[in-house]
Amino acid sequence: MTQFRLAKRVATLPPYLFAEIDRLKAEVKAQGMDIISLGIGDPDLPTPDFIIEALYASAKKPKNHQYPSYTGLLSFRKAVADWYQTRFGVGLDPENEVVSLIGSKEGIAHFPLAFIDPGDLALIASPNYPVYPVATGFAGGEAKILPLTPENDFLPDLAAISDADWERAKVFFVNYPNNPTAASAPREFYEKLVKKARETGTILVSDAAYTELYYDEAKRPLSILEIAGARDVAIEFHSLSKTYNMTGWRIGMAVGNESLVKGLGKIKENVDSGIFQAVQEAGVAALTHGEPHAASARAIYKERRDVAVAALGKMGIACRAPDATFYLWCRVPAGETSAGFVSRVLKNTGVVLTPGNGFGAPGEGFFRIALTVGKERLTEALSRIAAL
Ligand SMILES: *Cc1c(COP(=O)(O)O)cnc(C)c1O
């Protein structure tokens, strides 16, 4: 069989760092060990019934069987604008400042094609969601990593970025509440970032997928668009995936600066044909009536967070109880690497963790736990690790 040469953009993709974990997992499973995966950031809770009912009803309407509109149903974009108003006090024009996405990953991956030329620089706070540097590279851009560490509270040190880099930076990716570090960003950080971006003409890409998974009403995460002047420079990606347990449905949105939203729309017009309208109508139901369900999911994750942080603390493993996200970001025991520790735990206990370096070099020395299994299984996983 002819082996075709891959395009350089694919051939030069960084090695898949979780491949070794997947291989080990298969091996451990083959030995008959019971696997508990704390590896995947995918809610175990089901999509609320009323959203599924809305899908059934919409799926029966023949008009929804045809091509959807490129920018998304206006009713969905209006529901997004209403939700941003209610939740963040941010007013958005649904016609010009909102675009629907086939999950926010799709939008984040396409965004650089609209705004990055070969040689342009993208600043990426890291450890990071792998899509930011890969999508930058697909557009021919260059990614520069800004390390997130406990010393800087997992916020990029804006003062440490050289003037030359600020001048060259076309795009700056931030993600708070953060996957994988579970850190949140305070208002002052966003204020400094917006001010600097307006001075240097840098586009701010805010990935806000986890704003609804918070644990304390007094510390509800912000939208970057709450910051004065942000609309001049920012686009925010959001998603129904984590808030309403809808990762499989593929629906999200980008909002903010009109030229950024429209530029992304131009790429999408030429690539995809929108989201099944029945899914968008179910999305309207979720955004309009989903809050009580989001609140009960938060209570479930909070209980798991507290169980896990306490158990890990007893083992001498340092993890801060995060204010948001369903992740814990913990230090590996002294003298071990991320990959070494995660493999040792998997081989001996069947518990799957994620090595921190899988999210970029600054993640070395850490591992991530996803609180996406029930309390009993979580407790079982932690007691296996304690016994080890
Ligand atoms: C889960 C996640 C998303 C959302 O992905 P969807 O494509 O909307 O399902 C975006 N960014 C980060 C950092 C995530 O972890």
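Predicted model: local features only at pLDDT ≥ 70, side-chain atom pairs only at ≥ 80, totals over all residues.

Me: Let's start with Thr-181. Is Thr-181 buried or exposed?
Reply: Thr-181 sits in the loop between strand E5 (169–174) and helix H8 (187–200). The cut-off for buried is under 20% relative accessible area. Thr-181 comes in at 3%, so the label is buried.

Me: Which side chain does the side chain of Thr-181 make a polar contact with?
Reply: Leaving aside neighbours within four places in sequence, Thr-181 is in contact with Pro-127, Phe-154 and Trp-329. The polar contact is a separate matter: it is side chain to side chain, at 2.7 Å, and the partner is Asn-178.

Me: What kind of aromatic pair do Tyr-210 and Tyr-327 form?
Reply: The centres are 5.5 Å apart and the planes make an angle of 70°. Planes over 60 degrees apart get their own class. That makes the Tyr-210 and Tyr-327 pair edge-to-face.

Me: Why does that pair tie together separate parts of the chain, and how many residues apart are they?
Reply: Tyr-210 is in the loop between strand E6 (203–207) and strand E7 (234–239), while Tyr-327 belongs to strand E9 (residues 327–331). Both tyrosines are buried. Because of where the two sit, the pair bridges parts whose separation in sequence is 117 residues.

Me: And what about Phe-341 and Phe-367, what kind of aromatic pair is that?
Reply: Phe-341 is in helix H12 (residues 338–349) and Phe-367 in strand E12 (residues 366–370), 26 residues apart. Both are buried. With 5.0 Å centre to centre and 45° between the planes, the pair is tilted.

Me: Which residue lies over the face of Tyr-215?
Reply: This one is a charge over a ring, for which the cut-off is within 6 Å of the ring centre. The distance here is 4.5 Å, and the residue is Arg-305.

Me: Now the ligand. How many residues surround the ligand?
Reply: The closest are Asp-207, Ser-239, Ser-241, Lys-242 and Arg-250.

Me: How much of the ligand's accessible area does the protein cover?
Reply: Ser-104 brings a backbone N or O atom to 2.7 Å from a ligand oxygen. Polar side-chain atoms of Asn-179 and Lys-242 lie 2.8 Å and 3.3 Å from an oxygen atom of the ligand. On its own the ligand has 390 Å² of accessible area, and the protein's share of cover is 94%.

Me: Last one. How far apart in space are Ala-81 and Val-307?
Reply: Ala-81 is in helix H4 (residues 74–88) and is buried, at 7%. Its contacts outside four places in sequence are Val-90, Leu-92 and Pro-94. Val-307 is 226 residues away in sequence, and the C-alpha to C-alpha distance is 36 Å.

Definitions and conventions
Residues numbered from 1 in each chain as written. Heavy atoms only, no water. Helix = DSSP H or I, 4+ residues; strand = E, 2+ residues; numbered from the N terminus. Buried < 20%, exposed > 50% of the residue type's maximum accessible area, 1.4 Å probe, protein only. Polar contact = N/O pair within 3.5 Å; in protein donor to acceptor, adjacent residues only side chain to side chain. Contact = heavy atoms within 4.5 Å. Phe/Tyr/Trp six-rings, centres within 6.5 Å; stacked < 30°, edge-to-face > 60°. Lys NZ or Arg CZ within 6 Å of the ring centre and 35° of its normal. Near = heavy atom within 4 Å. Areas by Shrake-Rupley, 256 points an atom, 1.4 Å probe, with all protein chains shown as cover.
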